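Let's explore a structure together, one question at a time. Have a look at it first.

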Amino acid sequence: MPDFLEGSENVTVHGIFNWILLLIIFSVITVIGNYLGYKHPMTDSLVGMGILSLITLIGVWLEREVPFDISSILYISIIGILIAFPGMPTSKFVLYYVSKVELLSIVTVFLAYVGIGMGKSWDEFKALGWRAIVITVLVIAATYYGAAIVAHIVLVLTGVPAA
C-alpha cells in the first residue's frame, strides 16, 4: 500500500473516499444554488467547484502528510494563490472558472452542513446551556454589524453613494 494511504486515520482509502464523496455532494448542491440564484452556467460552476474541491483535497492531504504542524487552511490558501497568481500558466483558467462560483452559494451549503453536524450532536449542544446560545447570537450579530460598519466606511471613503 502506498505511504500516503497509511498513517493518519483520515488518510486512508476510506477517509479519502469520504472526503471525495463529501466534496462531490457539496459541489453539486453549490452548483445548483449557483445556477438558481446567480444564473451562472452549471458547467462553468461545476468546473470551478472541481478546482476548489481539488485544492481542498490536496490541502487536507498535505496537512496530514507534511511533518509540520500547519493547518490545511494555510495549504489550501497557498495552493490557491499559486495557481491563480498572474503570470502562472493556470491563472486565466482558474480565475475564469472559480469566478463562476459565488461565495454566498458556497457559504449557504457549508452552513447547512454545519447545522446538520450540530443536529447529530444535539445532546452535546444542549449540555452547553443557554449561555452558549446567547453568546453565539451575540458573536454572529457583532460580526454582521462589524462587517456592515467596515463596508459602510469603505464605501464612504471611496465616494460610493449609500443606498
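Q: Is Y96 buried, partly exposed or exposed?
A: This is a predicted model, where local features need pLDDT of at least 70, side-chain atom pairs count only at pLDDT 80 or more, and totals for chains, interfaces and linings use all residues. Residues are numbered from 1 along each chain as its sequence is written, and side-chain values use heavy atoms, leaving out hydrogens and water. Buried means under 20% relative accessible area, exposed over 50%, and partly exposed in between (1.4 Å probe, protein chains only). Y96 has a relative accessible area of 39%, so Y96 is partly exposed.

Q: How are the rings of Y96 and Y97 arranged?
A: Rings of Phe, Tyr and Trp (its six-membered ring) pair if their centres lie within 6.5 Å; planes under 30 degrees apart count as stacked, over 60 as edge-to-face and the rest as tilted. The structure holds 3 aromatic pairs. For Y96 and Y97 the ring centres are 4.9 Å apart and the planes are at 85 degrees, so the pair is edge-to-face.

Q: What is the arrangement of the rings of Y144 and Y145?
A: Both Y144 and Y145 are exposed. Their ring centres lie 5.4 Å apart with planes at 70 degrees, so this pair is edge-to-face.
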